[in-house]
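Thank you all for making time this morning.

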Amino acid sequence: MVKIRPYVVAVNHVPGCPRLESGQGGRKLGRQRCAPGCERVTDGWEVDLALRLPDGTPIRERVKAPVSGKSAALRWAQEREGQILAQKGSKPRQARQVPTLAEFKLRFIEGHVKANRLKPSTAEAYESVFRTHLEPAFGSLRLDAIGDELVQRFKGELVEDEMANKSINNVLTVLSVMLKRAVDWKVIDAMPCRIRLLKWQLVEVPFYDFAEYRYLVEAAAAIDPRIELLVLLGGDAGLRRGEAIALEWTDVDLRRRTMHVQRSSWNGHVTLPKGERSRRLPLTEQLAEALRTHRHLQGPRVLYYDGGASPTNKEIRMWMERAQRRAVLPATGAYHILRHYPACRIIPRRPSEASACRVEPVARAG
């Protein structure tokens with residue numbers, strides 16, 4: 001039901017009006033009419049809607065029409081009645097609750113890192129970046145509140161800390177991936193910021209020349225056969241640290257002088273090598289002789305630590321430092337530098353002469 005009446009803002013009562021004497025509305029002595037001569041002051045029209053929804057819910061709404069004419073107020077009231085019936089009297093839906101970056105982090109780890117089976121080293125890198133950089137800067141902010149200016153200030157702070165451009169880009173990439181997954185999962189409607197990476201150039205990587213590498217191999221052999229094998233696996237075969245740790249004797253074919261690199265170890269987690277694929281490598285005479293000489297029964301893996309267990313990253317670094325000090329080289333403990341050594345590449349002349357081959361130095365990519 002729709003009712004239209006003038007919207008009264010005030011009443012000018014005459015002296016002796018019973019409604020004035022009985023109080024506002026005349027409720028103390030019952031409803032009383034105003035005396036002749038009382039004047040009402042109106043301003044527009046009042047709409048009185050009394051509706052009942054199909055489920056029996058009553059709705060009453062009294063409001064001043066936003067239009068001035070009576071016919072216009074009636075049309076507005078009818079439109080308002082249709083809106084209420086269409087909405088079934090429901091209240092407006094509350095705005096979506098957007099989580100903070102810290103609250104979204106667990107969902108990101110479960111839905112992106114674990115669901116996509118990222119490598120343990122990648123998962124640890126995400127955790128480290130979030131814990132060290134992202135959480136202190138954006139952890140308490142809602143995802144949709146991380147704007148362009150905040151990201152630029154954050155980038156400037158990393159530059160002031162003298163971080164390398166590549167390292168800054170790694171941090172920004174983690175933030176970008178988290179926000180993109182939030183958009184994909186409808187947590188936020190759109191990217192709240194545009195993340196621009198810094199330009200960076202490839203720098204010349206350090207490597208050992210032929211003399212330095214020979215000193216390093218000789219020093220490692222004088223200390224421990226295991227350290228000699230470690231150095232040769234990195235320099236002659238180009239294995240990464242995790243690949244050297246995970247190498248097993250079943251992967252080595254001394255008769256054909258080949259090696260099958262098909263796994264990598266990182267903090268006890270065994271995965272595929274970098275690039276998600278295995279590869280076969282020829283063995284140099286030096287590496288094949290060292291493998292043949294130092295064959296052991298301590299376990300299935302080529303490298304072993306005290307008690308037969310596989311060496312950890314810390315122990316690999318310690319072995320490298322010992323060999324480097326013995327060879328009078330900078331004792332950095334870095335193992336990846338061996339992959340930059342211009343090692344010998346074996347090139348067979350003909351398939352029938354796979355054993356008779358020539359060697360030529362090449363620079364191996366990192």
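**Starting from L216**

Leaving aside residues up to four places away in sequence, L216 touches Y208, V231, M320, A323, Q324, A327, L329 and L338, where a contact means heavy atoms within 4.5 Å. Residues are numbered from 1 along each chain as its sequence is written, and side-chain values use heavy atoms, with hydrogens and water left out.

L216 is also one of the residues with the most contacts inside the largest nonpolar core, together with L233, L239, M259 and L291, and that core has 39 residues. By nonpolar core I mean a set of buried Ala, Val, Leu, Ile, Met, Phe, Trp, Tyr and Cys residues joined through side-chain atoms within 4.5 Å, and buried means under 20% relative accessible area, with exposed being over 50%, both with a 1.4 Å probe and protein chains only. Among the elements that give two or more residues to this core are helix 7 (210-223), strand 5 (258-261) and helix 11 (313-326), but the largest share, six residues, comes from helix 8. A second, separate core of 29 residues includes V98, L158, I168 and V171.

In helix 2, A73, A77 and I84 are buried. Seen down the helix axis, the buried residues fall within an arc of 45 degrees, taken from the directions from the axis to the C-beta atoms, so they line one face of helix 2. What covers them includes strand 1 (2-12), strand 2 (39-52) and strand 3 (58-64), whereas the face turned away carries the exposed residues E79 and A86.

For the protein as a whole, there are 11 helices and 10 strands, and buried residues make up 34% of the 366 residues.

Finally, a word on confidence: the mean pLDDT, the predictor's confidence in each residue from 0 to 100, is 82, and 86% of the residues reach 70 or more. Over residues 25-29, however, the pLDDT is below 50, and it stays under 50 over residues 344-366. Where pLDDT is low, the predicted coordinates should not be read in detail.

Notes: Predicted model: local features only at pLDDT ≥ 70, side-chain atom pairs only at ≥ 80, totals over all residues. Helix = DSSP H or I, 4+ residues; strand = E, 2+ residues; numbered from the N terminus.
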